[in-house]
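Reader: I'm new to looking at protein models. Could you show me how to read one, feature by feature?

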Amino acid sequence: MNIEKRLKELDIALPEVSPPRAMYVPVKRVGNLLFVSGHLPVKEDGTIYTGKLGKEHNAEYGQAAARRCIISMLATLKAELGSLDVIKGFVKLQSFVSCEVGFENQPLVTNGASELLVEIFGEIGRHTRTAVGTNQLPFDATIEIDAIIEI
């Protein structure tokens, strides 16, 4: 599958990759696995989705933010690998959702990321995952997602 072509068909443009804001590497390769650091939901204009889900924002807002995490992650992967076509599969996603006490839709929010991966990559986009709620994320981000990927 030609992932670049698929992204164009879906009208998805990958953003410029920005350097890490702290002391870590964006991607660490161990054998044929890539451990991808957490990605925030960067919008097309360079700002991020912020705020907690619950009273301030709904699950649909969180799903849109989750999609942007994946788009940002794909940009990082393309910069690291040169081509997204070398990806054999998405092994696991971990999703951290900033939310109010009582908000229970973390899995529904994370579906925004999971569905986009399947839309782009087909069956190799299917993965295991964890979706948890938290009271605060860096830069007041709504969601942060990291991944393990097979190449």
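Author: Let's go through a pocket, a core and a few residues in turn.

Author: Some ground rules come before that. This is a predicted model, where local features need pLDDT of at least 70 and side-chain atom pairs count only at pLDDT 80 or more, while totals for chains, interfaces and linings use all residues. Residues are numbered from 1 along each chain as its sequence is written, and side-chain values use heavy atoms, with hydrogens and water left out.

Reader: Okay, so what is a pocket, and how much space lies in the largest pocket here?

Author: Picture a 1 Å grid over the protein atoms alone: a pocket is an open set of points where a 1.4 Å probe fits, with protein on both sides within 12 Å along at least five of seven lines, and a lining residue has an atom within 4 Å of a point. The points are joined across faces, edges and corners, and the volume is the space filled by probe spheres set on them. Here the largest pocket holds about 610 Å³. It has 27 lining residues, and Ser-18, Pro-19, Tyr-24, His-39 and Leu-40 are the closest to its centre.

Reader: Which elements give two or more residues to that lining?

Author: Elements are DSSP runs numbered from the N terminus: helices (H or I, at least four residues) and strands (E, at least two). For this lining they are strand S2 (33-39) and helix H2 (59-81), with H2 giving the most, five residues.

Reader: And what does the lining have by class?

Author: Ala, Val, Leu, Ile, Met, Phe, Trp, Tyr, Cys and Pro count as nonpolar, Asp, Glu, Lys and Arg as charged, and the others, Gly among them, as polar. The lining has 14 nonpolar, seven polar and six charged residues.

Reader: Now the core. Which residues of the largest nonpolar core touch the most other members?

Author: A nonpolar core is a set of buried Ala, Val, Leu, Ile, Met, Phe, Trp, Tyr and Cys residues joined through side-chain atoms within 4.5 Å. "Buried" means under 20% relative accessible area, "exposed" over 50%, and "partly exposed" in between (1.4 Å probe, protein chains only). The largest core has 35 residues, and Leu-74 and Leu-77 touch the most other members. Among the elements that each supply at least two residues are helix H1 (3-9), strand S3 (89-98) and strand S5 (143-150); H2 gives the most, nine.

Reader: Is Ile-149 buried or exposed?

Author: Ile-149, in strand S5, counts as buried because its relative accessibility is 0%. For contacts, look for heavy atoms within 4.5 Å. Leaving out residues up to four places away in sequence, Ile-149 touches Leu-33, Leu-77 and Phe-90, among others.

Reader: How does Leu-33 count, then?

Author: Leu-33 belongs to strand S2. With a relative accessible area of 26%, Leu-33 is partly exposed.

Reader: Last one: what does the side chain of Ser-37 lie 2.6 Å from?

Author: A polar contact is a pair of N or O atoms within 3.5 Å; within protein, one must be able to donate a hydrogen and the other to accept it, and residues adjacent in sequence count only if both atoms are side-chain atoms. Ser-37 is in strand S2, and a polar atom of its side chain lies 2.6 Å from the backbone oxygen of Val-25.
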